[in-house]
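Here's a quick tour of how some parts of this chain pack against each other. Have the viewer open as you read.

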Amino acid sequence: MPLPAEVSDHVASLLDGADSRVLVGITGPPGAGKTTLARALVTDFIGRFGRAAVGYVPMDGFHLSDAVLERLGRRNRKGAPDTFDAAGFVALLHRIREMGHDICVPDFDHTAGEPISASLIVPAAARLVVVEGNYLGLDEPVWREVRQLLDRLVYVDADTAVRRERLRERHIAAGKTDADSLAWIGSVDEPNAALIATSRNRADLVVLND
């Protein structure tokens, strides 16, 4: 999705009045377009202030590995809140808030379906850090600390049919059959979407991406 002016203007005004690093969260249900929006926001502000002034932190980097999920018996619902290292994610956000040196953060390989350690860097001079993920506004133990560490939270939403079609295409591209994709959407993605929707009222701004 193109970067909405309301998001760009909102973040710019926040930075104008800030004398310290600003953390902006982008959240929403699976298939809503939050990753695309988060990356567009990063690109926009790198263009304004330079690469060293902007950091990007995807929550997906804190997915538990498939091997760990198998051991815990959670592989069949990968993407649910308890399939992430939530405490590790919160600890990283504290470090980003408090420390003024380069910080390595994990990313996620959507083709392999696995996290990649220390693959991204939040620069020491970063004025803006864009944090992206499903559960940034979730009001549950451990996860609720995330919202407290964010200066602003943007919720990206989309029509259910639009989201489901995007998810179907994503799962097929990752190797699932059409039938398996639809089954996963119904049993995993949509229950997660319903849970994420409970955090919508904790956002400062809601963006529709249909």
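F62, F84, F89, Y135 and W143 come together as one aromatic cluster. Keep in mind that this is a predicted model. Across the whole structure, a search turns up six aromatic pairs. Take F84 with Y135: the ring centres sit 5.9 Å apart and the planes are at 80°, so this pair is edge-to-face. F84 belongs to the loop between helix 3 and helix 4, while Y135 belongs to the loop between strand 5 (128-132) and helix 5 (144-149), so the pair ties together parts 51 residues apart in sequence.

How exposed or buried are these two? F84 is buried, at 7% relative accessible area, and Y135 is buried too, at 1%. F84 also makes an edge-to-face aromatic pair with W143, with 6.1 Å from centre to centre and 80° between the planes. Like F84, W143 is buried.

Now for G79, which sits in the loop between helix 3 (66-72) and helix 4 (86-98). G79 has a relative accessible area of 9%, which is under 20%, so it counts as buried. Which residues does G79 touch, once neighbours within four places in sequence are set aside? They are H63, F84, N134, Y135 and N192. So F84 and Y135, the edge-to-face pair, are both among the contacts of G79. The C-alpha atoms of G79 and D189 are 7.7 Å apart, although 110 residues separate them along the chain.

On to the helices. Two packed pairs are set out here:

| Helix pair | Angle between axes | Distance between axes |
|---|---|---|
| Helix 1 (residues 5-16) and helix 2 (residues 34-49) | about 50° | 11 Å |
| Helix 6 (residues 160-173) and helix 7 (residues 178-197) | roughly 130° | within 9 Å |

Helix 1 and helix 2 are therefore oblique to each other, and the crossing is right-handed. Helix 1 brings V7, S8, V11, A12 and L15 to the contact, and helix 2 brings L41, D44, F45, R48 and F49. By type, that's seven nonpolar, one polar and two charged residues.

Helix 6 and helix 7 are oblique as well, and helix 6 passes helix 7 in a right-handed crossing. On the helix 6 side, the residues in contact are T160, R163, R164, L167, R168, H171 and I172; across from them in helix 7 are D178, S181, L182, W184, I185, D189, E190 and A193. This contact divides into six nonpolar, three polar and six charged residues.

Technical notes. Residues numbered from 1 in each chain as written. Predicted model: local features only at pLDDT ≥ 70, side-chain atom pairs only at ≥ 80, totals over all residues. Heavy atoms only, no water. Axes fitted to C-alpha atoms, helices over the stretch in contact; angles between N-to-C directions. Helix = DSSP H or I, 4+ residues; strand = E, 2+ residues; numbered from the N terminus. Parallel < 35°, antiparallel > 145°, perpendicular 65-115°, else oblique. Left-handed = near helix turned anticlockwise from the far one by under 90°. Contact = heavy atoms within 4.5 Å. Nonpolar A, V, L, I, M, F, W, Y, C, P; charged D, E, K, R; others polar. Buried < 20%, exposed > 50% of the residue type's maximum accessible area, 1.4 Å probe, protein only. Phe/Tyr/Trp six-rings, centres within 6.5 Å; stacked < 30°, edge-to-face > 60°.
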